[in-house]
Amino acid sequence: MKTLFTLLALCACIPIHAQTRELQLIKGRYYVDGIKSSYPNVQGALSTNTDALKMYRSGHATRVTGNVITLIGAFGIGWEVTSRLTDRPKNNTLLAGGCIVTAAGMITELCGQARIRRSFKLYKEGASTSAGLNMELSRAGLTACLRF
């Protein structure tokens, strides 16, 4: 019995840290614990923090929207460059519009990436809480509360 009490007392003195997963966005690729991962795997890792998960989904949607907008603008630029190479009539409006739409899409994609990085930061801040063991004497005897 003394050994069990000593073991519980030692556990109360040692801080226990909650397990967290390292999330990164490097060059447009997701990494969970240093391993390249896909969208569903990152969602699973963020599932413990609902605010971070909501921000991540919003950032991912913004990023995908930015990719689509960029693709549309690049199509306009490509169409105009091809027409200039094949001696078709020049359309400066299409070229300028394609450049503007491409720039807007790139800015939208960067905003989505920034939101994803903020969601990872929010996850790390929320997951840094530590756990511990609290023991108290009461009328019923010794009570232990494990917090995590």
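The protein contains 4 helices and 6 strands, where helices (H or I, at least four residues) and strands (E, at least two) are DSSP runs numbered from the N terminus. The model is predicted, and local features need pLDDT of at least 70, side-chain atom pairs count only at pLDDT 80 or more, and totals for chains, interfaces and linings use all residues. Residues are numbered from 1 along each chain as its sequence is written, and side-chain values use heavy atoms, with hydrogens and water left out.

From the N terminus on, the order of elements is α-β-β-β-β-α-α-α-β-β. Of the 148 residues, 25% count as buried; buried means under 20% relative accessible area, exposed over 50%, and partly exposed in between (1.4 Å probe, protein chains only). The accessible surface comes to about 10,400 Å², of which 63% belongs to carbon and sulfur atoms. These areas come from the Shrake-Rupley method with a 1.4 Å probe, and for residues only the protein chains shown count as cover. Among contacts (heavy atoms within 4.5 Å) between residues at least 6 apart in sequence, 58% join residues at least 24 apart.

Strand S2 (residues 23-26) and strand S3 (residues 29-32) pair in the antiparallel sense over 4 bridges, pairing being assigned if DSSP finds at least two bridges between two strands. The two strands form a hairpin with 2 residues between them, and Lys27 in the turn has a positive phi of about 50°. In a regular strand the side chains alternate between the two faces of the sheet. Gln24 stands opposite Tyr31 in S3.

Helix H3 (residues 50-85) has 36 residues and reaches 52 Å from its first C-alpha to its last, close to the expected 52 Å; the expected span is 1.5 Å times one less than the number of residues. At the start of H3, a side-chain oxygen of Asn49 reaches to within 3.3 Å of the backbone nitrogen of Asp51. Thr50, which lies in H3, is exposed at 57% relative accessibility. Thr50 and Tyr123 are 73 residues apart in sequence, and their C-alpha atoms are 9.0 Å apart in space.

Gln43 is placed in helix H2 (residues 39-46). With a relative accessible area of 18%, Gln43 is buried. When residues up to four places away in sequence are not counted, Gln43 touches Leu53, Tyr56 and Arg57.

A salt bridge is defined as a side-chain nitrogen of Lys or Arg within 4 Å of a carboxyl oxygen of Asp or Glu, and by this rule the count comes to 1. The salt bridge joins Arg84 to Glu80, with the closest N and O atoms 2.9 Å apart. Arg84 and Glu80 are 4 residues apart in helix H3 and therefore separated by about one helical turn. An α-helix has 3.6 residues a turn, so residues three or four places apart point the same way. Arg84 is partly exposed at 30% relative accessibility, whereas Glu80 is buried at 1%.

Just after H3, Asp87 takes a positive phi of about 60°, although Asp87 is not a glycine. Asp87 lies in the loop between H3 and helix H4 (92-127) and is exposed, with a relative accessible area of 74%.

Note on methods
A polar contact is a pair of N or O atoms within 3.5 Å; within protein, one must be able to donate a hydrogen and the other to accept it, and residues adjacent in sequence count only if both atoms are side-chain atoms.
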